Amino acid sequence: MIDFILEVPLNRPCRSIRELFARRPEIAMEMDRASYEFTAWGDPIVGPGFAEALDREPSPAALLSQAKGHYYFILRHKPEGLLWVGNSQFGILPIYMHERCDSLMLSGNALDLGKFAGVKRLSKRFILETSLFQYPLFDASPIEDVRLLPANSSIRVQAPGWRVMKHSRVADDFAARPVSWKQAVRGMGDAFLHSFSSYLPPGN
């Protein structure tokens, strides 16, 4: 679990990513370019063309197509005063949300976020779903007023509001015209090595 708390203002544009951290984690990547500012923590793995790809399209979809691993990110598009907050594919690292007055609070831990925000009421829905299915079905968390960000989604903040937006769909990862397993096996080794190479140090 990565310990962090963000407090994102909703009544004005964000001037710097650094000002958002109420509890700052160990940062893995930071970039400040002409059109955008980017910060990530966790274990992001990027290739040599990452910064240039975001120059062309500073968006969560472009970011996630270039960055592998498990991580959290903040992407600030300077010209539009637009802020994206999210996590890597499939939501393995969770983001919990709580809105209060003119700010949106975010954390990777629902209980810590509840304490920070001063909300303590337990969620009956979370207890019921966990009792019946051993897992919450949608966006419930142990705390009533704290919600879980859905997988493959990010939070788009532009004063004075915010919304959750889907950046990718699992169905898009499937081939429109699948080949037989015998045909697929031929290229499986090369496909595996190509994907795995991102996780190896340069020169290997």
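Strands are here DSSP runs of at least two residues marked E, numbered from the N terminus. In this predicted model, strand β5, which covers residues 67–77, gives the most to the lining of the second largest pocket, contributing 5 residues. The second largest pocket has a volume of about 160 Å³, and its lining is made up of L64, A67, K68, G69, H70, Y71, S88, Q89, F90 and Y199. When these lining residues are sorted by class, 5 are nonpolar, 4 are polar and 1 is charged.

The largest pocket of the model has a volume of about 320 Å³. It is lined by 21 residues, of which Y135, F138, L148, L149 and A151 are the closest to its centre. By class, the lining of the largest pocket comprises 17 nonpolar residues, 3 polar residues and 1 charged residue.

Strand β1, formed by residues 5–9, is largely enclosed by the rest of the structure, because 4 of its 5 residues are buried, where buried means a relative accessible area under 20%. Strand β1 pairs with strand β2 (residues 21–23) in the antiparallel sense over 2 bridges, and within this pairing I5 has R23 of β2 as its bridge partner. Strand β1 is also joined to strand β8, which spans residues 103–107, by 5 bridges, and these two strands likewise run antiparallel; here E7 stands opposite M105 of β8.

How values were computed. Residues numbered from 1 in each chain as written. Predicted model: local features only at pLDDT ≥ 70, side-chain atom pairs only at ≥ 80, totals over all residues. Heavy atoms only, no water. 1 Å grid on protein atoms, 1.4 Å probe; cavity = no way out; pocket = protein on both sides within 12 Å on 5 of 7 lines; lining within 4 Å. Points joined across faces, edges and corners; volume = space filled by probe spheres on them. Nonpolar A, V, L, I, M, F, W, Y, C, P; charged D, E, K, R; others polar. Buried < 20%, exposed > 50% of the residue type's maximum accessible area, 1.4 Å probe, protein only. Pairing = 2+ DSSP bridges.
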